[in-house]
2 protein chains.
Amino acid sequence: MSSILVVGSVALDSVKTPEGESKDALGGSAVYFSLAARLFAQVSVVGVVGRDFPAGHRRMLSERGVDLSGLKETAGKTFRWVGQFGRDLSDAKTLETHLNVFRTFRPSLSSAHRKSRAVFLANIDPDIQADVLDQMENPSIVACDTMNYWINSKPEALKKLLGRVHIFFANEEEAKKLTRQANLFCAARLISEWGPSIVVIKKGEHGVVLKAGHRLLAFPAFPMEALKDPTGAGDSFAGGFMGCLMAGGGATDEDSLKRAALYGTILASFNIEEFSTRRLERVSRKDAEERLTDFLDRLGVRTGALLDAA
Amino acid sequence: MSSILVVGSVALDSVKTPEGESKDALGGSAVYFSLAARLFAQVSVVGVVGRDFPAGHRRMLSERGVDLSGLKETAGKTFRWVGQFGRDLSDAKTLETHLNVFRTFRPSLSSAHRKSRAVFLANIDPDIQADVLDQMENPSIVACDTMNYWINSKPEALKKLLGRVHIFFANEEEAKKLTRQANLFCAARLISEWGPSIVVIKKGEHGVVLKAGHRLLAFPAFPMEALKDPTGAGDSFAGGFMGCLMAGGGATDEDSLKRAALYGTILASFNIEEFSTRRLERVSRKDAEERLTDFLDRLGVRTGALLDAA
């Protein structure tokens with residue numbers, strides 16, 4: 001198994017959607033990412049929790065092979081996010097953010113973690129993302145995510161960071177805001193000029209667009225009638241994507257990227273089936289492969305006949 | 001070649017987009033539909049134009065094999081639409097609509113047209129759509145489109161019509177408004193309960209979702225950095241879709257529907273490359289097949305390797 005380091009939040013989320021709600025349930029970008037990526041690769045989490053973080057969550061993650069040696073516990077309370085999704089289950093509305101122990105989070109990597117082959121810098125302060133990167137010893141793949149808050153408050157630090165990144169994940173709104181472009185593809189091109197040769201733009205229910213070099217790829221979301229909680233969809237996509245890439249030895253040729261985008265889509269689709277991490281905790285590699293086969297079938301991949309003249 | 005009858009508008013459009021503008025240029029749902037469908041099937045247009053309709057447009061369509069025997073010319077001016085697209089090139093803003101000769105359009109089908117194997121009822125008054133259908137002699141495929149105006153003004157007539165339709169094309173906003181559903185898939189399911197076993201929901205740059213029986217399919221749009229004029233994208237999609245179905249003998253099994261959705265996507269992508277019908281006028285079956293191959297390649301279809309374990 002290849003090794004991926006993920007630096008990001010480990011949280012207790014309270015989420016309301018039209019399908020129900022969860023209270024102080026396991027969440028955070030690093031958690032969603034690692035529960036998806038662990039199907040394909042060895043994942044190490046670097047983060048921080050407070051004394052109130054349930055031991056059961058640690059156990060659950062460890063049992064699934066996630067390395068938590070970099071998950072520090074400090075005095076204080078765990079990061080908490082309170083959010084709500086409206087009827088169309090697209091954008092989250094943040095009701096409360098309590099940084100708690102996350103406020104003073106300054107990761108210091110162990111010597112083992114510094115040698116990780118890939119790193120995913122989840123949406124934290126771009127200065128901290130850069131600081132983590134400074135500690136890494138020549139990772140072959142550097143990926144990062146961000147959020148509107150950092151685009152507004154630290155755009156220059158973020159752009160500087162992008163110069164050191166291979167893969168940038170953003171949602172559509174973020175990509176357009178960051179580049180001040182109305183057209184998604186123009187936004188992706190501009191971002192790739194700042195550094196990342198691979199730009200992945202997540203569009204939620206509308207799927208994902210991927211710019212790799214001069215090539216544009218687009219994939220729909222896995223079509224689902226029933227979903228309960230979109231929290232973590234972007235991070236589970238990134239986890240499936242990065243995990244799949246590293247399982248393939250870290251190659252980023254076009255076929256590897258397509259497969260990564262498809263598996264990312266599949267992992268995100270599992271994630272949103274239930275609240276918090278419940279579905280991701282149970283998902284197996286076999287589940288993912290079966291849904292991928294189904295997904296490819298719906299896209300017409302099964303039938304070479306599609307290419308025959310109608 | 002199979003035969004498709006299309007009943008809809010033949011127009012002179014004036015369109016402004018951030019990429020330029022066109023004045024009194026050929027447009028209308030029946031025109032966009034037939035210029036796409038003619039690559040695959042024999043298409044007959046039923047519509048009306050005024051005395052001001054340029055002979056060159058008639059000639060252009062006839063030269064491309066479109067049967068205009070049902071295109072009536074009457075005293076008065078041709079239907080005109082004036083619209084504008086904003087920076088993101090998604091929704092059109094209608095600035096002016098001059099129905100002109102279209103106001104009193106009451107199609108009376110010739111005996112040949114009554115025997116058409118398929119009919120596409122483009123977005124006109126649902127009472128007129130029903131009246132056209134009454135005149136048809138047992139068509140094997142009945143498809144229709146609509147628009148917000150009819151959803152607001154004649155929802156009951158529209159729902160009644162849907163009970164007689166096999167394939168319903170709508171954009172996302174229309175489908176949600178018609179069904180009062182926030183979730184696209186729930187909207188598609190409800191529509192299919194009203195009649196159409198195949199519901200095609202067009203999402204513009206985000207592609208298309210298709211419900212066929214209990215099966216949900218989703219396809220991205222062909223990714224394009226540069227586009228000039230989205231006018232007619234939905235109708236050229238429908239034209240490619242219906243044309244492809246009829247070229248396949250009118251079968252509506254899942255593979256036929258996938259192929260139709262892919263060709264619809266391809267034809268729409270050509271259409272928006274230039275203003276008015278300029279690109280569709282020039283597109284060949286070979287162009288469409290080459291772009292389909294490219295599209296399938298971007299989706300990962302070329303590589304059976306995608307299914308191998310990562």
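Author: Some conventions come first. Axes are lines fitted to C-alpha atoms, for helices over the stretch in contact, and angles run from 0 to 180 degrees between N-to-C directions. Helices (H or I, at least four residues) and strands (E, at least two) are DSSP runs, numbered from the N terminus. Residues are numbered from 1 along each chain as its sequence is written, while chains are lettered from A and ligands numbered from 1 in the order in which they are written. This is a predicted model, in which local features need pLDDT of at least 70, side-chain atom pairs count only at pLDDT 80 or more, and totals for chains, interfaces and linings use all residues.

Reader: At what angle do helix α7 and helix α8 of chain A pack?

Author: Helix α7 of chain A covers residues 172-179 and helix α8 of chain A covers residues 184-194. Their axes are 9 Å apart, and the angle of packing is about 65°.

Reader: Is the crossing of α7(A) and α8(A) left-handed or right-handed?

Author: A crossing is left-handed if the near helix is turned anticlockwise from the far one by less than a right angle, and right-handed if clockwise. By this rule, the crossing of α7(A) and α8(A) is left-handed.

Reader: How many nonpolar residues has the contact of α7(A) with α8(A)?

Author: Two residues are in contact if their C-beta atoms, placed from the backbone, lie within 7 Å. On the α7(A) side are A:Glu172, A:Ala175, A:Lys176, A:Leu178 and A:Thr179, and they meet A:Leu184, A:Ala187, A:Ala188, A:Leu190 and A:Ile191 of α8(A). Ala, Val, Leu, Ile, Met, Phe, Trp, Tyr, Cys and Pro count as nonpolar, Asp, Glu, Lys and Arg as charged, and the others, Gly among them, as polar. Divided by class, this contact has two charged residues, one polar residue and, for the nonpolar class, seven.

Reader: Is A:Arg180 buried or exposed?

Author: A residue is buried if 20 or more other C-beta atoms lie within 10 Å of its own, exposed if 12 or fewer, and partly exposed in between, with C-beta atoms placed from the backbone. Since A:Arg180 has 9 C-beta neighbours inside 10 Å, it counts as exposed.

Reader: Which strands are the edge strands of the sheet of nine strands in chain A?

Author: Two strands pair if DSSP finds at least two bridges between them. The nine strands form an open sheet with mixed pairing, in the order β5-β4-β1-β8-β9-β10-β11-β12-β13. From one strand to the next, the twist averages 15°. The strands that pair on one side only are β5 (67-74) and β13 (215-219) of chain A.

Reader: In β9(A), what is the bridge partner of A:Val119?

Author: Strand β8 (residues 118-121) and strand β9 (residues 141-144) of chain A run parallel and are joined by four bridges. Both faces of β9(A) are covered, as A:Ile141 and A:Ala143 on one side and A:Val142 and A:Cys144 on the other are all buried. Within β9(A), A:Phe120 has A:Ala143 as its bridge partner. The partner of A:Val119 is A:Val142.

Reader: Which helix of chain B gives the most to the side that touches chain A?

Author: The contact takes 38 residues from each of chain A and chain B. On the side of chain B, the residues divide into 23 nonpolar, six polar and nine charged. With five residues, the element that gives the most is α10(B).

Reader: What rotation superposes chain B on chain A?

Author: Copies are superposed by least squares on the C-alpha atoms of residues with pLDDT of at least 70 in both. The shift along the axis is 0.0 Å and the RMSD is 0.0 Å, with a rotation of 180°. The two copies are therefore related as by a two-fold rotation axis. The rotation asked for is 180°.
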